[in-house]
Amino acid sequence: MGKIGDGLDQAAQHVLTRKPPQSTKARIRFLLSKNRGSTRKVAERLGVSQRSVERYLKGDRKTPPRPVNAKIDAEVRRLWQPQVRRRVEQRAAATGGVIVETRARFGFSSAAGSTDDPRMRRITQPLPPTHAQELFDAHHAGASERELERIVAAGLQQAYFQEGGTRADDLEAVELTDVDYCEFDIRG
């Protein structure tokens, strides 16, 4: 995933009510429960053999290699407590409680005579509720990083560049590229 998708996943970790499983065996058991007990599907998701998944499940192999362990951890965190996440995300989107902090290259289209050259900016700004909900929905639907960038750019266009419609009326489109980092604070 990209920096925006990772930022959304990281923000979701702070709203969980219980810790995810810690041991390799427990994490594999959890992944199996989410994949209808199919060791083949879990193996495909993790990029390992089906036999390796069976060994982790039996406890024969307790410490996976670092890259595999990172994949297991990421997959468990992605699937852990989806209803809690959705509830908090919906509440935060409805109340304007989604704050984005990013450092990226912003460029825009506007009327002639304006300075529209893209440049690096560091922006911390609450997203408008409609854009926040659109961002969460797109992320859960598996949207590409480019699509997530477009949604964040549209939200920042309205909230930051146009200040909710009080300035820069002729601003047509903001483009977000070269994302250095993107963090979200979800307050629901």
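User: What makes Glu147 and Arg150 a salt bridge?

Analyst: In this predicted model, the closest N and O atoms of Glu147 and Arg150 are 2.7 Å apart. The cut-off is within 4 Å, so the pair counts as a salt bridge.

User: Where do Glu147 and Arg150 sit relative to each other?

Analyst: They're three residues apart in helix 8, which means about one helical turn separates them.

User: Why is Arg150 called partly exposed?

Analyst: Its relative accessible area is 39%. Buried means under 20% and exposed means over 50%, so Arg150 lands in between. Glu147, at 30%, is partly exposed too.

User: How do you know that Arg77 and Asp73 meet in a salt bridge?

Analyst: Check the N to O distance: 3.2 Å for the side chains of Arg77 and Asp73. That's within the 4 Å limit, so they qualify. These two are four residues apart in helix 5, about one helical turn. Asp73 and Arg77 are also linked with Arg27 in a network of salt bridges.

User: What about Glu54 and Arg51, what makes them a salt bridge?

Analyst: Their side chains meet at 3.5 Å, N to O. Glu54 has a relative accessible area of 29% and Arg51 has 37%, so both fall between the 20% and 50% cut-offs and are partly exposed.

User: How many salt bridges does a search of the whole structure find?

Analyst: The search turns up 14.

Notes:
Residues are numbered from 1 along each chain as its sequence is written. This is a predicted model: local features need pLDDT of at least 70, side-chain atom pairs count only at pLDDT 80 or more; totals for chains, interfaces and linings use all residues. Side-chain values use heavy atoms; hydrogens and water are left out. Buried means under 20% relative accessible area, exposed over 50%, partly exposed in between (1.4 Å probe, protein chains only).
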